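Here is a short briefing on a predicted model. Look over the sequence and the fold before reading on.

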Amino acid sequence: MNVEVKLFGLLRERAGSPTVVLELPEGAVVADALDKLASSGPLAEAIARVSVAMAVNREYADPQTVLAAEDELALIPPLSGGSR
Amino acid sequence: VGSSALRESTHVRVTRAPLSAAALARLVSRPGAGAIVLFQGITREVAYLDYEAYLPMAEERMESIARACLAAHSLQAVAVEHRVGRVALGEASVVVAVSAAHRREAFAGASEMIDTIKAEAPVWKREARDGGGSHWVDGTAAPRSRAPQSSAAQSRAPQSGAPQSSAGRSSEPQSPVAQARRQAR
């Protein structure tokens, strides 16, 4: 299945696009998608350097969350909230 | 409940327009509220900041946080607005206003609101550098994030091969507010 992943901040700039399309096997989980993004392509270097979370249908998702082609996926780089 | 005259107890907005702390203070004003606490996050030490948000998740997340804080701190009303786009030096990028019967609840509620928004709302900022250029500010890792440098083997639990249920597809971050949020549902 093909899934589209929304990109923000430094990841969007690094990819040069607001989305990236991933080809994943049926039954793939969030960790599979993150591994694929980290292993090759324009985001690999950035993902190795900063903590990245994935949101599935606009909720932060556990790495074992199972993905479906129609899910709304987003890659979430570190948030802007800094020191208190 | 039932009366259209009742004012909403939460107000959340992400906007490109300048924020008005006074307007938010008016929004949370209630006859029984003896305390209103107002927090403004102000752009400092740089010429400007550019903010970017994941909409509508950012508003949904802030609404969820607002409802959790409302319940957890016995607040009467909560209002939060966050800027996106360019915010000039000295301007507010975020404003939180809460009202409560007494100041103790109002201070605690406002403090938890802004802390949780900064930890969980999908908002990013890029700051101007002296002498030109800009960079994305390294902030805090999003909840449930994958640690950098971890190998594929470490980030994945052993697979049994059993069919995977779609139950519990996503999970809340394990913060006190998240617990209050679940209880409030």
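The points below cover the fold of chain A and a sheet in chain B.

This is a predicted model, in which local features need pLDDT of at least 70, side-chain atom pairs count only at pLDDT 80 or more, and totals for chains, interfaces and linings use all residues. Residues are numbered from 1 along each chain as its sequence is written, chains are lettered from A and ligands numbered from 1 in the order in which they are written, and side-chain values use heavy atoms, with hydrogens and water left out.

**Chain A: fold and dimensions**

- Chain A has three helices and five strands; these are DSSP runs, numbered from the N terminus (helices H or I, at least four residues; strands E, at least two).
- From the N terminus, the order is β-α-β-α-α-β-β-β.
- The radius of gyration (over C-alpha atoms) is 12 Å, close to the 12 Å of the globule rule for 84 residues, so chain A is as compact as a globular protein of that length. The rule is 2.2 Å times the number of residues to the power 0.38.
- Along the principal axes, the C-alpha atoms of chain A fill a box of roughly 40 × 25 × 20 Å.

**Chain B: the sheet**

- Four strands of chain B form an open antiparallel sheet, ordered E5-E3-E7-E8. Strands pair if DSSP finds at least two bridges between them.
- Strands E5 (85–88) and E8 (134–136) of chain B are at the edges with a single partner strand each, so one side of each has no neighbour in the sheet.
- Five bridges join E3 (residues 48–53) to E7 (residues 123–128) in chain B. Leu49(B) has Glu127(B) in E7(B) as its bridge partner.
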